[in-house]
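The sequence and structure follow.

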Amino acid sequence: MRCKKTVFVTVGTTSFNQLIETVVTPEILQVLSKRGYEKILIQIGKGYFQPVQDGTCVEPVIEYYRYKESIENDIREASLVISHAGAGSVLETLRARKPLIVVINETLMGNHQMELAYQLFQDGHLYYCKCRWNKRRKTV
């Protein structure tokens, strides 16, 4: 049995509803599908938002959970990791040598996420972005 090309999304032990809501928008799902991703596995943490497969798109399949003892296996099995900018998640993903997109949680004040992401980007280890909202849709 072949492994599905998977995106693993993690928010760590906090909540980052904006990231989860953005990743499951039809626009993002379409982009991921066109790039061959068949599954999105999301660790939603304390967030209130729970993704639902809306039926308009068969792939990628969306699965989620709140917490696990360890996300090491999910990172190792992923083809791409999209993560909040928490140092633990970022360093664990980099140790696993997985492609990484870090999304800055701008609602957290004084957390140094931008500095960490920017420096690791400058050093060639990852890409980073922020969630950008407008009135009609959300995009990463």
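This is a predicted model: local features need pLDDT of at least 70, side-chain atom pairs count only at pLDDT 80 or more; totals for chains, interfaces and linings use all residues.

The aromatic side chains give 3 pairs in a search of the whole structure.

- Cysteine 129 is in no disulfide, and the nearest cysteine sulfur, that of cysteine 131, is 6.6 Å away.
- A disulfide needs sulfur atoms within 2.5 Å, so the 6.6 Å between cysteine 129 and cysteine 131 rules this pair out.
- Cysteine 129 is buried at 18% relative accessible area, and cysteine 131 is buried at 7%.

**Aromatic pairs**
- Tyrosine 118 and tyrosine 128 pair edge-to-face, with 6.4 Å from centre to centre and 85° between the planes.
- Tyrosine 118 belongs to helix H5 (residues 113–122) and tyrosine 128 to strand S6, so their pair ties together parts that are 10 residues apart in sequence.
- Phenylalanine 121 also forms an edge-to-face pair with tyrosine 128, at 5.6 Å centre to centre and 75° between the planes.
- Ring pairs join Tyr118, Phe121, Tyr127 and Tyr128 into a cluster.

**Surface**
- Tyr118, Phe121 and Tyr127 make up a nonpolar surface patch with about 340 Å² of accessible area together.
- Tyrosine 127, in strand S6 (residues 127–130), is exposed at 60% relative accessible area.
- Tyrosine 118 is partly exposed at 40%, as is phenylalanine 121 at 33%.

**Charges over rings**
- Lysine 5 lies over the face of tyrosine 37, 4.5 Å from the ring centre.
- The charged end of lysine 68 sits over the ring of tyrosine 65, at 4.5 Å from its centre.

Key: Residues are numbered from 1 along each chain as its sequence is written. Side-chain values use heavy atoms; hydrogens and water are left out. Buried means under 20% relative accessible area, exposed over 50%, partly exposed in between (1.4 Å probe, protein chains only). Patches are made of residues with over 30% relative accessible area and no salt bridge: like charges are joined within 9 Å, nonpolar side chains (Val, Leu, Ile, Met, Phe, Trp, Tyr) within 5 Å. Accessible areas come from the Shrake-Rupley method with a 1.4 Å probe; for residues, only the protein chains shown count as cover. A salt bridge is a side-chain nitrogen of Lys or Arg within 4 Å of a carboxyl oxygen of Asp or Glu. Helices (H or I, at least four residues) and strands (E, at least two) are DSSP runs, numbered from the N terminus. Rings of Phe, Tyr and Trp (its six-membered ring) pair if their centres lie within 6.5 Å; planes under 30 degrees apart count as stacked, over 60 as edge-to-face and the rest as tilted. A charge sits over a ring if NZ of Lys or CZ of Arg is within 6 Å of the ring centre and within 35 degrees of the ring normal.
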